[in-house]
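Please read them with the sequence and the structure open beside you.

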Amino acid sequence: MKRFISNASFILLATLILSSCSYSEPQKCRPSGRIRGKKAPPGQCNQENDSDCCKEGKMYTTYECSPPMSSHTKAYLTLNSFEKGGDGGGPSECDNQYHSDDTPVVALSTGWFDHKRRCLHNITISGNCRSVVAMVVDQCDSRKGCDADHDYQPPCPNNIVDASMAVWKALGVPKNEWGGFDITWSDA
């Protein structure tokens, strides 16, 4: 009888170990590298909307991916100006145009931008008990930064929806809280 219980216990333990090893989580997005910050030449980093400028010698994490998509993907909303002379830098990647801050437009982190596949498509952003539809016009580059092409700003984290003022207004976020806000989003 002892031998039977001992064998049964061993089989149960082996089954539990094997089943826990075969459990698979959704694919996670891990950092792909790091870049060293460069100091911006005078007047080259626009700090409108509290944008950060790269710090000389600081290491910044880069990503090729973003967290997995769902019907309500969690993200962090940041503020960006897509107007000429704004902190967004050059014209938008999708249409090579600038966009009014009064238009609901966004830039997505590299993985979600998906090699321009979301260009000029609408997404629905939800937060603060409200929703707004915005058009994807740019990439918030998670792979590169700290150079002239990126206005000497660090690479974006991998979970960013970088939005115009129109998006923030539509979500009803008090102006003194603009800059960073937890949201969910999905393709519209």
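**Notes on the disulfides and their surroundings**

1. With 90 degrees about the S-S bond, the link between cysteine 29 and cysteine 65 is right-handed. The pair connects distant parts of the chain, since cysteine 29 belongs to the loop between helix 1 (2-22) and strand 1 (33-36), while cysteine 65 belongs to the loop between strand 2 and strand 3, 36 residues apart. The S to S distance in this disulfide is 2.0 Å. Please keep in mind, here and below, that this is a predicted model.

2. Cysteine 65, at 24% relative accessibility, counts as partly exposed.

3. A disulfide also joins cysteine 54 to cysteine 146, with an S to S distance of 2.0 Å, and this link is left-handed, with -85 degrees about the S-S bond. The pair links distant parts of the chain, with cysteine 54 in the loop between strand 1 and strand 2 and cysteine 146 in the loop between strand 6 (130-140) and strand 7 (160-163), 92 residues apart. Both cysteine 54 and cysteine 146 are buried.

4. Cysteine 94 and cysteine 119 form a disulfide as well, their sulfur atoms being 2.1 Å apart, and the link is left-handed, with -80 degrees about the S-S bond. Here too distant parts of the chain are linked, with cysteine 94 in the loop between strand 3 and strand 4 and cysteine 119 in the loop between helix 2 (110-113) and strand 5 (122-127), 25 residues apart. Cysteine 94 and cysteine 119 are both buried.

5. How many disulfides does a search of the whole structure find? The search finds 5, and when the bonded cysteines of the protein chain are numbered in sequence order, the pairing reads 1-5, 2-3, 4-9, 6-7, 8-10. Cysteine 129 deserves a separate remark, as its relative accessible area of 87% makes this residue exposed.

6. Tyrosine 63 lies in the loop between strand 2 (59-62) and strand 3, and it is buried, with a relative accessible area of 17%. Leaving aside residues up to four places away in sequence, tyrosine 63 touches Cys29, Arg30, Pro31, Ser32, Thr110, Ser142, Arg143 and Asn158. Tyrosine 63 and serine 32 are 31 residues apart in sequence, yet their C-alpha atoms are 4.9 Å apart in space.

7. Is serine 92 buried or exposed? Its relative accessibility is 2%, so serine 92 counts as buried. This residue is placed in the loop between strand 3 (73-79) and strand 4 (105-109), and, not counting residues up to four places away in sequence, serine 92 touches Phe82, Gln97, His99, Val137 and Asp138.

8. For the chain as a whole, the secondary structure comes to 3 helices and 8 strands, which run α-β-β-β-β-α-β-β-β-α-β from the N terminus on. Of the 188 residues, 38% count as buried, and the accessible surface comes to about 11200 Å², of which 52% belongs to carbon and sulfur atoms. Among the contacts with a separation of 6 or more, residues 24 or more positions apart account for 72%.

Conventions. Residues numbered from 1 in each chain as written. Predicted model: local features only at pLDDT ≥ 70, side-chain atom pairs only at ≥ 80, totals over all residues. Heavy atoms only, no water. Helix = DSSP H or I, 4+ residues; strand = E, 2+ residues; numbered from the N terminus. Buried < 20%, exposed > 50% of the residue type's maximum accessible area, 1.4 Å probe, protein only. Contact = heavy atoms within 4.5 Å. Disulfide = S-S within 2.5 Å. Areas by Shrake-Rupley, 256 points an atom, 1.4 Å probe, with all protein chains shown as cover.
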